[in-house]
Amino acid sequence: MITRRNLLIGSAAGAAAAVLASRAFAELPPLAKKDKYKVGFAQTESNNPWRLAETKSMQDEAKRLGHQLIYTDAASSAAKQASDVNSMIAQGVDAIFLPPREDKPLVPVILAAKAAGIPVFLIDRDVDHTMAKPGEDYVTFIGSDFIEEATRIGEWLVKNANGKSKIIELEGTTGASAARDRKKGFDDFIAKHPDFKIVASQDGDFTRDKGRQVAETLLQAHPDADIIYAHNDEMALGAIAALEAAGKVAGKDVLIVSIDGEKDGVQAIIDGKIGAICGCSPLFGPKSFATLADYAAGKKIAPFIKNEDHFFDAGNAKKDFALAF
Ligand code: AHR
């Protein structure tokens, strides 16, 4: 539902007007066929290897193809990201690639871009489909199936937990589709496996330091917890620091599992500190620009273009280290 509050988070009156205007057009804006485009990429933040790898992939591919990439960094603020998109609209970009930091506050500017005739491609994170829909309000969502990632972690635990059962869950940013679905996928799976219990679950904002702080607090409250499921590697690495500070041995006293596949995370599997990681590829450049070209060529674009994720554990971490980012 588009509420007045959500509209105000975007760019106030302009965005609100755009929402109403965009509702008048069911069709997505077309994209003219051109050799070179001026394309916006409104990144969420640059505080972890996943984001840096995603930005590099987008910049490298834009450069390779000779497109002009207008890059912004929202510094972990959904409001700043919305204003970055508004500025791209004002600059008259041909198209916008957007990883919406959270699934509601960015909807007004997606609709504003549509109203301005600029197609938007969501990459890596999606928005709330009750507020905006792929194929109608934006072209598509390109990214991982976060529910599937979380389910794969649950399946690995069933086979490898060796009697460990009390789980602390470190959640990603509240309101991010990646956090919402990694929680839903995992919690639904665990609910069907009564040998396991989630004893505590809290937002660690996808960052190493917040992950460490939250793990520290939750370990104090639940000293018998013996599994930590982190929604990304950065928080898992923070949890290792929290465990070590508490005199516990990661990988022995507490089994850690997470999602992403960054180099430090996969190295932690090799070092015996993390049990398993479901990869989540940040390498969006080639697929994003290929989808843009297909769209300009008038091809039918699927509402969800799924990335395939690699899975790492002690059985392949060394051999597949080159796949880490
Ligand atoms: O949206 C993808 C997630 O965002 C990655 O798992 C995480 O590391 C990043 O911040």
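Here is a walk through the ligand site of this structure. The model is predicted, so to speak of local features a pLDDT of at least 70 is needed, side-chain atom pairs count only at pLDDT 80 or more, and totals for chains, interfaces and linings use all residues. Residues are numbered from 1 along each chain as its sequence is written, and side-chain values use heavy atoms, leaving out hydrogens and water.

Let's start with the shell: N48, W50, R51, D124, R125, A178, R182, N232 and D260 surround the ligand, each with a heavy atom within 4 Å of it. Domain 1 (32–144 + 282–308) and domain 2 (146–280) both contribute to this shell, so the ligand lies between them; the bounds come from an automatic or database domain assignment.

Now look at the polar contacts (pairs of N or O atoms within 3.5 Å). A ligand oxygen is 2.6 Å from a side-chain N or O atom of D124. For R125 the corresponding distance is 2.8 Å, and for N232 it is 3.0 Å. Alone, the ligand exposes 290 Å², and the protein buries 100% of that (Shrake-Rupley method, 1.4 Å probe).

Terms used
Polar contact = N/O pair within 3.5 Å; in protein donor to acceptor, adjacent residues only side chain to side chain.
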